[in-house]
Amino acid sequence: MTFDCLLGEEDLSSLVYRNLQPDTEMPFFSRVFMESVRLQPGIMYSTPHVIKKRFTTIIGKKKLEMMPRSVFMLNLFEIHRDPDQWSEPDKFKPERFDPDLSEYHTTPRHKKRKPYSFSPFFVGTRMCTGRPFAEMTSKAIVNMFVVAFPDLEFVDEKFKN
Ligand code: HEM
């Protein structure tokens, strides 16, 4: 198996940056991308954010009251490895993002994952504005890489099948 498996059935010649759109489908690559940013988020912690309105939330078994002007940061690294949300959280399993493969697509208790359990680009109004650009660029770079080195093979034996 060579690296072109990352691109699945895509036509390599069409996958140059100018042809790519945010919704250009590279389903397998998209799953590899998401699993990569799950395990190694670009930033481990969000920047500090300030609470505007008072609210209560439950974290684990603790009730937490958030007061206006409190500052919080999200630990994205830990959120992405929460064992209640991710089966075998330290393993690289792109199929987690494939709805047809239910084994890793759900929580260990076979429930739907919480929406914010995967937040590599943060969430809400302050989410990353560069997300489409980052995804398109990575698709173009992987494509250039595969075209430039067509005979590259995985070093790890378990991927050579
Ligand atoms: C894989 C690549 C990237 C990741 C994982 C990523 C992740 C993030 C995260 C987590 C935040 C929120 C930070 C916070 O408020 O705590 C953020 C914000 C932001 N990102 Fe990215 N980013 C990526 C690429 C990019 C690129 C390529 C651009 C620009 C071309 C970009 C522009 C921005 C901007 C402007 C914000 C601030 C948005 C705001 O606070 O309103 N990012 N990014």
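Trainee: What makes the span of helix H1 (residues 27–39) agree with its length?

Mentor: H1 has 13 residues. The expected span is 1.5 Å times one less than that number. That should give 18 Å, and the end C-alpha atoms are 19 Å apart, so the two agree. Keep in mind that this is a predicted model.

Trainee: Which residues of H1 are buried, and what do they pack against?

Mentor: They are Phe29, Phe33, Glu35 and Arg38. The buried residues of H1 pack against H4.

Trainee: Why is Pro94 called buried?

Mentor: The cut-off is 20 or more other C-beta atoms within 10 Å. Pro94 has 20 such neighbours, so Pro94 counts as buried.

Trainee: Where is Pro94, and what does it touch?

Mentor: Pro94 sits in the loop between H2 and H3. Leaving aside residues up to four places away in sequence, Pro94 touches Arg31, Val32 and Glu35. Glu35 is also one of the buried residues of H1. As for Tyr104, it lies 10 residues from Pro94 in sequence and 8.9 Å away in space, C-alpha to C-alpha.

Trainee: What is the phi of Arg69?

Mentor: Phi is near 75 degrees there, a positive value in a residue other than glycine. Most residues other than glycine have a negative phi.

Trainee: Which class does Phe122 fall into, and why?

Mentor: Phe122 has 18 C-beta neighbours inside 10 Å, so Phe122 counts as partly exposed. Buried would need 20 or more, and exposed 12 or fewer. Phe122 is in the loop between H3 and helix H4 (131–148). Its phi is positive too, at about 65 degrees, although Phe122 is not a glycine.

Trainee: Which residues are closest to the ligand?

Mentor: Phe122 is among them, with Gly42, Ser46, Cys128 and Gly130. In total, 15 residues surround the ligand. By class, this shell has nine nonpolar, five polar and one charged residues.

Trainee: What makes strand S2 (residues 55–59) hardly covered?

Mentor: S2 has five residues, and the count of buried ones is zero.

Trainee: How do you know that S2 pairs with S3?

Mentor: Pairing needs at least two bridges. Five bridges join S2 to S3, and the strands run antiparallel. Thr56 stands opposite Glu65 in S3. The two strands form a hairpin with two residues between them. Gly60, in the turn, has a positive phi of about 65 degrees.

Trainee: What is the overall pattern of the chain?

Mentor: Along the sequence it reads α-β-β-β-β-α-α-α. That comes to four helices and four strands. Of the 161 residues, 12% count as buried.

Trainee: How many of the contacts join residues at least 24 apart?

Mentor: The share is 60%, among contacts between residues at least 6 apart in sequence.

Trainee: Which elements have the lowest and the highest mean pLDDT?

Mentor: Helix H3 (residues 102–105) has the lowest, at 81. Helix H2 (residues 76–79) has the highest, at 95. The mean for the chain is 82, and 81% of its residues reach 70 or more. Where pLDDT is low, the predicted coordinates should not be read in detail.

Terms used: Residues numbered from 1 in each chain as written. Predicted model: local features only at pLDDT ≥ 70, side-chain atom pairs only at ≥ 80, totals over all residues. pLDDT = per-residue confidence, 0-100. Near = placed C-beta within 6 Å. Nonpolar A, V, L, I, M, F, W, Y, C, P; charged D, E, K, R; others polar. Contact = placed C-beta atoms within 7 Å.
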